[in-house]
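Please keep the sequence and the structure in view while reading.

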Amino acid sequence: MNRRNFVKNSSLATAYTLAVAAGLIAPGTVLAQAGWNEKAFAGKNLKEAAASLGAANFAETKDVNWGSTPEIAENGAVVPISVTSNIAKTEQIAILVEKNPSALSAAFDIPAGTDPSVTTRVKMGQTSNIFALVKADGKYYVATKEVKVTLGGCGG
Amino acid sequence: MNHPKTLIQQHSSGMTGRTATSMTLLGAVCLMMLASCASPSSEAEATEQALALMKSGFKEQGQAKLDRLEQDEAQRICSRAADAPALDKTVEKRIEAGNLAAVKFPADGKLLGDWREGERIAQSGIGKQFTDNPATPAGANCYACHQLSPTELSFGTIGPPLLGYGKIRAQIPDIAKYTYTKIYNPQAYTACSNMPRFGHNQILTEAQITHVVALLLDPNSPVNK
Amino acid sequence: MKSLLCAVGFGLVLNTAFAQQGADTVKKIEEYRAALADGNPAELWEARGEDLWKKRAGPKNASLEQCDLGKGPGRVKGAYAELPRYFADADRVMDLEARLVHCRMTLQGLTKAEAVKQPFGNGPVKSDNEALVAFVTAESKGVKMNVSLDHPKEAASFKQGEKIFYFRGGPHDFSCATCHSEDGKRIRLQDLPNLTKTKDAQRAYTTWPAYRVSQGELRTFQWRLFDCFRQQRFPALEFTSDASIALTTFLARNANGAEFAAPAIKR
Amino acid sequence: MADPMRVRANMQDGKVLVRVLMNHEMETGQRKDSTGKTIPAHFIQSVSATHNGKTVLSAQWGPAISKNPFLQFTFSGGKAGEKVAISWVDNKGDKRTDEATIS
């Protein structure tokens, strides 16, 4: 594992936010909007991204329903992902693609009153595991599903 | 009703350098159409009109110039419905003989190249599109239509499967010459074949064709494993 | 390069899934398509097209709402299912895209060059044509295809289109029929509709225009033909040329009787 | 100015089902144009949904979300006739808000 894991990720994110607030970094020009967790989106794998989201460790779970998420995607440019958490007090659902250059695709905050269920579409460069990282009652869980990607358009 | 000969002349008027032979052939086709269609003049007229529309309906882009719409004899005769009556045997023979006569073989006489290179050529569908760089060597895109190597499962079915091609035909004399010729110009053997005339129309170089021949015939090629 | 990638991609899938359970793969790809059908981004084009249809524009500061698509000025519902058709005011058989060019010229006062400037979009460069087509075609969803050949020019266009379908040319000797005149064929792993048979012709024609997942764009029937000819190694098909309209008449007429089902979503 | 979203909000089993399509390139910053120049990254970074002034969903997105993004979720406490608003902000600071009436 590389040294990133030894860095206190949350403090870096905070430092970035503070830098934006202080006008040291102009938001939206080079890096990102304030509040956007740049470090998490730069994470190369589940562990790095999860750490930046605040999950120092996580348990494997089967308490996630993958809904309409297909086993095979005809085109990696658009892969429908549906994640429903059956874990009580789910407050966040993050979707990660193991073999993408950066693993994290999206992180959803689920307030009380909203179903712990989101559907969106992600890009996949190749066949890969998809992770649903669920934060529930302050703890983190991860569920895994493999999606195979075929590439269409073989005219070239 | 228009006299067929008038139609032939109109038909050929836009073409340059077409021989009397091709006009005779065309006449044969038109006559066949006349014989087989309920409304013969409209058939021939539609062909005339369609050719005119093709000429006015395209513009050159990149390497694809308008001369690509100038049909040669085989293209003209083969522009026919799948369920059209069979071509006259003499017409077929004439197409085949003409195409066969134009086949060129490598100067060094070597017909078997490198099957590995052949596999790359068979996989690539690049070439001759107006979006392709003309400096990049074209591929043959064999897998688009044929099954070849057993490890390549993404193959098309427009052409027959060629798995084990060389193994099955190892005993046939002159098989390399036949295979080279078939790739160079499939219409040397089969008039109106769906397969591109890779050598005849300069899609592949002679050397590239020998690589594809090797892919099909070399005992070490995956095709024959 | 693309083909190599393609081969690798398919290889991954096939080694593990397709080879052992081909039918299962087909079913799973169907599931993938079904998952995308709800929430087709083509709706974004439809919405933009409706705005463009209703917005005053051009030197004449007019909307397209009085455009006659064949069922009378302003009647959009079901119009696409009867196109291409003969238009007396232009004395020409027109498909939807040619008719939109006509209306933008006559109603809004655009020059021809302006009206055909951006037939197809590319990322941030949007095409008004694609948006308008998405809007108009969506208004024919569920309507049975009913292309008439009653007018002599319609009948002629169909016949010319048929000839063009079988026209072999270019360095590869390809015609439309090379890939689309036999049942059950495929190129690489992609199924090829037999456009000379009613069932396939209906399924193919009624699912264009479509949002192409691979391109992130809504593509019209003119684009479909343009890109087929590109792959046939022909020169560039002129947008709304009579050749393109004749071929469209041939294909649209062959789809008669089937319910129109586009804008669709495709790989 | 970005093109509008398509927002649909429907009552379903007593809850509000929200479906959103957004107009956005979602450019990764890793692709090259035909001249070999890298196309700069341009993607939505944050999304939020509100109902009666209350946030019912918020999200952070990366460039791996597909072009012309789709989002679907369900929340409780809404009624037909009320409004749901969706907002996004991208990495260049472009933003867009659209709303739909629950039906």
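Between chain B and chain C, 27 residue pairs are in polar contact, both residues being at pLDDT 80 or more. A polar contact is a pair of N or O atoms within 3.5 Å; within protein, one must be able to donate a hydrogen and the other to accept it, and residues adjacent in sequence count only if both atoms are side-chain atoms. The model is predicted, so local features need pLDDT of at least 70 and side-chain atom pairs count only at pLDDT 80 or more, while totals for chains, interfaces and linings use all residues. Residues are numbered from 1 along each chain as its sequence is written, chains are lettered from A and ligands numbered from 1 in the order in which they are written, and side-chain values use heavy atoms, with hydrogens and water left out.

**Chain B with chain C**

- On the side of chain B that touches chain C, the elements giving two or more residues are α3 (40-57), β1 (58-59), α4 (73-78), α6 and α7 (142-145) of chain B. Helices (H or I, at least four residues) and strands (E, at least two) are DSSP runs, numbered from the N terminus.
- α3(B) provides the largest share of that side, 10 residues.
- By type, the residues on that side of chain B are 23 nonpolar, 22 polar and 9 charged. Here Ala, Val, Leu, Ile, Met, Phe, Trp, Tyr, Cys and Pro count as nonpolar, Asp, Glu, Lys and Arg as charged, and the others, Gly among them, as polar.
- In total, 54 residues of chain B contact 46 residues of chain C, where contact means heavy atoms within 4.5 Å.
- The two chains bury about 4,400 Å² between them, with 58% of it on carbon and sulfur atoms. Buried area is the accessible area (1.4 Å probe) that two parts lose on being put together, summed over both.
- The interface of chain B and chain C holds 5 salt bridges, a salt bridge being a side-chain nitrogen of Lys or Arg within 4 Å of a carboxyl oxygen of Asp or Glu.
- C:K163 and B:E43 form a salt bridge through their side chains, at 2.6 Å from N to O.

**Chain D with chain A**

- 32 residues of chain A are in contact with 33 residues of chain D.
- About 2,400 Å² is buried between these chains, and carbon and sulfur atoms give 47% of it.
- The polar contacts between chain D and chain A number 20 residue pairs, both at pLDDT 80 or more.
- β2 (15-21), β4 (54-61), β5 (70-75) and β6 (83-90) of chain D each supply at least two residues of the side that touches chain A, and β4(D) gives the most, with 8 residues.

**Salt bridges over all chains**

- The whole structure contains 42 salt bridges over all chains.
- C:R33 and A:E74 meet through their side chains in a salt bridge at 2.5 Å, N to O. C:R33 lies in helix α2 (residues 22-37) of chain C and A:E74 in the loop between β3 (72-73) and β4 (79-85) of chain A, so the pair joins two chains.
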